[in-house]
Amino acid sequence: MSDAIPGPGVPEQRGVRDHARGEVLHRHARLTKGGRPIFCTPSRAEIEGHMLPRQSRGTDGKVIYPTREAAEAAARELESLGSRLLRSYRCGRSRGGHYHLTTDTGFRAGQTPLHLRIPQQRPPLSA
């Protein structure tokens with residue numbers, strides 16, 4: 001049974017579902033020898049409790065970019081593909097200085113069009 005062909009509902013592979021975004025990651029992110037992006041994980045000292053965790057447990061799910069320039073280039077490309085405004089920041093875990101992307105809530109908010117900055121009134125809540 002182990003050599004059975006997967007059915008139509010089973011995905012062929014796991015990972016990035018959007019091919020264009022996957023290409024951006026492969027161009028700019030730090031990659032493993034197998035060609036997959038590397039994600040930020042806790043240090044051994046954080047896991048063993050010798051040090052306070054700098055972030056939540058387990059992987060943060062944040063892709064590692066080797067330089068700020070690589071992170072910023074990835075951010076611009078991802079924004080052109082329809083993502084929210086992004087900015088890079090240096091990881092607190094990083095000794096050598098790797099970078100991540102986060103949603104930009106105020107850094108360039110003045111550059112967004114006015115009609116997108118105006119708050120929209122919510123409809124009344126029904127009882």
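Biologist: Which handedness does the crossing of α1 and α3 have?

Modeller: α1 passes α3 in a right-handed crossing, meaning the near helix is turned clockwise from the far one by less than a right angle. This is a predicted model, where local features need pLDDT of at least 70, side-chain atom pairs count only at pLDDT 80 or more, and totals for chains, interfaces and linings use all residues. Residues are numbered from 1 along each chain as its sequence is written, and side-chain values use heavy atoms, with hydrogens and water left out.

Biologist: At what angle do they pack, and how far apart are the axes?

Modeller: Helix α1 (residues 19–28) and helix α3 (residues 68–80) pack at about 165 degrees, with axes 9 Å apart. That makes α1 roughly antiparallel to α3 (angles over 145 degrees).

Biologist: Which residues make the contact?

Modeller: From α1, R21, V24, R27 and H28; from α3, A70, A73, A74, E77 and L78. Contact here means heavy atoms within 4.5 Å.

Biologist: Different topic. How many disulfides are there?

Modeller: The search of the whole structure finds 0, taking a disulfide as a pair of cysteine sulfur atoms within 2.5 Å.

Biologist: Is C40 buried or exposed? And C91?

Modeller: C40 counts as buried at 1% relative accessibility, and C91 is buried at 4%. Buried means under 20% relative accessible area (1.4 Å probe, protein chains only).

Methods:
Axes fitted to C-alpha atoms, helices over the stretch in contact; angles between N-to-C directions. Helix = DSSP H or I, 4+ residues; strand = E, 2+ residues; numbered from the N terminus. Parallel < 35°, antiparallel > 145°, perpendicular 65-115°, else oblique. Buried < 20%, exposed > 50% of the residue type's maximum accessible area, 1.4 Å probe, protein only.
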